[in-house]
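Biologist: I have not looked at this one before. Can you walk me through it?

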Amino acid sequence: MATTRGGPEAFVRNLIRDGDLTITLPGGRKLELGDRTGPPIAVRLTDNLTLARIAAQPYLGVGEAYMDSRLLMERGTIRDLLALGSKHAGAASWSRPGPAKRVWSTLRAEAISRTAARRNVAHHYDLSHDLYSRFLDSDMQYSCAYFERPDQTLEDAQLAKKRHIAAKLDLGPGRSVLDIGCGWGGMALSLAAWSGAKVDGVTLSTEQLAVAKKRADAEGLANRVRFSLTDYRDVTAKYDRIVSVGMFEHVGLKNYQEFFDKIAALLTDDGVVVLHSVGSSRPPGPTNPFTTKYIFPGAYVPSLSEVLATVELAGLRVNDIEILRLHYAKTLEHWFMRFQSARQEIAAIYDERFCRMWECYLAGAEMGFRHGGHMIFQMQLTKAVDALPITRDYMREAELALSQARSRAA
């Protein structure tokens, strides 16, 4: 086994201390890393620069090398490799923020204009519906599920997520609801069907809008659920309830105050907001460069410290914050396995490089929740101190009632 005092080889040796990873370099020389415990993983690098690129920018370097077939999996999967690397990198970074991160936290990312927001959404969400339908649940929920039991199916866990959020909204007949970033319509349609509320769903994705409108017509809810291609900043009506699931990550750090000011302007005096977003349990820092370059341009994963100050300045009260830790890891694991099962079909829609890119995205995102400090926060906001009951019992009661209603219907 070769040794070195510095450079890329030293970097990967210092990073991988346990596990069993073998890297075959061009020419056949092997780097054997770890303590040889755990499932063996073996990769082959096709050129001499790839290892240096990985050492310089690990997340981006591994992702691009795998996408471009410069990193070939000879044993194990890309998910296995990312799990091993993320476990070590995550453990090493659980410490006080270093100088670079402290400096970064004083900088502000660029503001996201309406034009940029539409362009960013189109990059990801206007991909073929045939792609998403092959790995999402039947309701097309493209956000973290809520696993009430470890053995719960993805379909049941996504339904449980909707019940969980509906309970926090404290819905009732005749309520007006705004769904910001409504996706393919599943949340808006369920809220209307379950409560008799009238729901407006807004999205910037033309592909999602078309599917959502068809679903509203097919389910006989077009009279109570309206979908439109609208930037949330252009909404003018007042609403009793506002919900946003998986959209806040795309608002942009510089736009946080504008976002919550707009929420406050749209909310009735006794209204309720539920915001569901990916967040970070660590101090502020840059988003994974592979994700922002290839998957979600303009995306940012906020720390709660960056969110709460703008909420307070908007005149909104934080009534409840719930942190979902490993729920999204389990969701992404389901998506990855379903993606793998449909891989040949997806490659026929796009190509092999696209499949490798998405494998890196899904597996890498999962490891961000398992080892990297990512989490989901659900934040409940109001204007009035008495807008909701003073204990949380009503949430559990509403959730249980929705679950029992489904059981009776079945």
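This is a predicted model: local features need pLDDT of at least 70, side-chain atom pairs count only at pLDDT 80 or more; totals for chains, interfaces and linings use all residues.

Biologist: How many aromatic pairs does a search of the whole structure find?

Modeller: The search finds 25. One of the pairs is Tyr-125 with Phe-296, with ring centres 6.1 Å apart and planes at 35°, so this pair counts as tilted.

Biologist: Where do Tyr-125 and Phe-296 lie?

Modeller: Tyr-125 is in helix 6 (residues 114-125), and Phe-296 is in the loop between helix 12 (289-295) and helix 13 (304-313), so the pair ties together parts 171 residues apart in sequence.

Biologist: Are Tyr-125 and Phe-296 buried or exposed?

Modeller: Both are buried. Another aromatic pair, Trp-358 with Tyr-361, is edge-to-face, at 5.0 Å centre to centre and 90° between the planes. Those two are three residues apart in helix 16 (residues 352-370), which means about one helical turn separates them. Trp-358 and Tyr-361 are both buried as well.

Biologist: Switching to strands. Which residues of strand 1 are buried on each side?

Modeller: In strand 1 (residues 21-24), Leu-21 and Ile-23 are buried on one side, and Thr-22 and Thr-24 on the other.

Biologist: In what sense do strand 1 and strand 2 pair?

Modeller: Antiparallel, over four bridges, with strand 2 spanning residues 30-33. Leu-21 stands opposite Leu-33 there. The hairpin has five residues between the strands, and Gly-27 in it takes a positive phi near 100°.

Biologist: And what about strand 3?

Modeller: Strand 3 (residues 41-45) runs parallel to strand 1, joined by four bridges. Ile-41 is the bridge partner of Leu-21 in strand 3.

Technical notes:
Residues are numbered from 1 along each chain as its sequence is written. Side-chain values use heavy atoms; hydrogens and water are left out. Rings of Phe, Tyr and Trp (its six-membered ring) pair if their centres lie within 6.5 Å; planes under 30 degrees apart count as stacked, over 60 as edge-to-face and the rest as tilted. Buried means under 20% relative accessible area, exposed over 50%, partly exposed in between (1.4 Å probe, protein chains only). Two strands pair if DSSP finds at least two bridges between them.
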